[in-house]
Amino acid sequence: ESAASDAYNRHDFKNCKYSAKYLYEKLKQRGIIVRSTEDGYHIRNKLRLTIGSKQENLAFMNAVKNILN
């Protein structure tokens with residue numbers, strides 16, 4: 001397993017048209033799991049995602065693209 005699978009990224013939705021909660025729910029409906037930072041970390045309007053395989057990343061990026069368009 002590569003070290004990349006242990007990496008994660010947090011995205012701030014402060015200047016976005018959609019909230020983190022909106023994107024979280026839409027991704028969840030598509031079977032893509034990201035973590036809200038609101039519950040465990042008490043950080044509002046951010047999402048935490050883990051970098052997975054190439055296929056998982058492509059699925060995530062395509063889902064986000066479709067949700068936001």
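**Briefing: a predicted chain with three helices and three strands**

The chain holds three helices and three strands, where helices (H or I, at least four residues) and strands (E, at least two) are DSSP runs numbered from the N terminus. Follow the sequence along and you get the pattern β-α-β-α-β-α. Keep in mind that this is a predicted model, so to speak: local features need pLDDT of at least 70, side-chain atom pairs count only at pLDDT 80 or more, and totals for chains, interfaces and linings use all residues. Residues are numbered from 1 along each chain as its sequence is written, and side-chain values use heavy atoms, with hydrogens and water left out.

**The chain overall**

- Of the 69 residues in the chain, 20% are buried; buried means under 20% relative accessible area, exposed over 50%, and partly exposed in between (1.4 Å probe, protein chains only).
- Take the contacts (heavy atoms within 4.5 Å) between residues at least 6 apart in sequence: 65% of them join residues at least 24 apart.

**The largest pocket**

- The largest pocket has a volume of about 300 Å³.
- A pocket here is an open set of points on a 1 Å grid over the protein atoms alone, where a 1.4 Å probe fits, with protein on both sides within 12 Å along at least five of seven lines; lining residues have an atom within 4 Å of a point.
- The volume is the space filled by probe spheres set on the points.
- Both β3 (46–50) and α3 (54–68) supply at least two residues of the lining, and α3 gives the most, with four residues.
- Sorted by class, the lining has seven nonpolar, four polar and three charged residues. Ala, Val, Leu, Ile, Met, Phe, Trp, Tyr, Cys and Pro count as nonpolar, Asp, Glu, Lys and Arg as charged, and the others, Gly among them, as polar.

**The aromatic pair**

- Searching the whole structure turns up one aromatic pair.
- The ring centres of Y18 and Y22 are 4.8 Å apart and the planes sit at 15°, so this pair is stacked.
- For the cut-offs, rings of Phe, Tyr and Trp (its six-membered ring) pair if their centres lie within 6.5 Å; planes under 30 degrees apart count as stacked, over 60 as edge-to-face and the rest as tilted.
- Y18 is partly exposed at 23% relative accessible area, and Y22 is partly exposed too, at 31%.

**F13 and N45**

- F13 sits in the loop between β1 (8–12) and α1 (20–29), and counts as buried at 7% relative accessibility.
- Leaving out residues up to four places away in sequence, F13 touches Y18, S19, A20, L23, N45, K46 and L47.
- F13 and R44 are 31 residues apart along the chain, yet their C-alpha atoms are separated by 9.1 Å.
- N45, one of the residues F13 touches, lies in the loop between α2 (37–41) and β3.
- N45 is not a glycine, but has a positive phi of about 60°; its relative accessibility of 26% makes N45 partly exposed.

**N57**

- N57 belongs to helix α3 and is partly exposed, with 22% relative accessible area.
- Beyond residues up to four places away in sequence, N57 touches I51 and G52.
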